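How do the aromatic rings of a protein fold come to be described as pairs, and how is the exposure of such residues judged? The paragraphs below take up these points with the structure in view.

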Amino acid sequence: LCDARSREILGLPGDGEITFADFNARVHEDDREALWALFARVIEPGGPDVWDAQFRAVHDDGAVVWVHGLGHADRDADGRVTRLVGLNI
């Protein structure tokens, strides 16, 4: 779920469902590997509860913007992620 401002920052459409593929397509190809490695660590049971990442997003018109993503993973008693909450600046 992305709010209107996050959609604007990432260059995503203003309405409709945003899929992982939609988001992934916006992440600059040179930043994808490091960003997804970070999220892989976060979603591991017992992984870090917070993330703080900078990456580039590429809009349809080719404009490149820097994004600062901050977030937190909620976990169950076994350390498994139940929800991810974050923001993009």
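A residue is called buried when its relative accessible area is under 20% and exposed when that area is over 50%, while anything in between is called partly exposed. In this predicted model, W36 has a relative accessibility of 21% and therefore counts as partly exposed.

The structure holds five aromatic pairs. In one of them, the ring centres of F20 and W36 lie 5.0 Å apart and the ring planes meet at 55°, so this pair is described as tilted. Because F20 belongs to helix 2, which covers residues 20-26, and W36 belongs to helix 3, which covers residues 29-43, the pair ties together parts that are 16 residues apart in sequence. F20, with a relative accessibility of 53%, counts as exposed.

W36 also forms an aromatic pair with F39, and this pair is tilted too, with 5.7 Å from centre to centre and 35° between the planes. W36 and F39 are three residues apart in helix 3, so about one helical turn separates them. F39 has a relative accessible area of 18%, which means that F39 is buried.

Technical notes: Residues numbered from 1 in each chain as written. Predicted model: local features only at pLDDT ≥ 70, side-chain atom pairs only at ≥ 80, totals over all residues. Heavy atoms only, no water. Phe/Tyr/Trp six-rings, centres within 6.5 Å; stacked < 30°, edge-to-face > 60°. Helix = DSSP H or I, 4+ residues; strand = E, 2+ residues; numbered from the N terminus. Buried < 20%, exposed > 50% of the residue type's maximum accessible area, 1.4 Å probe, protein only.
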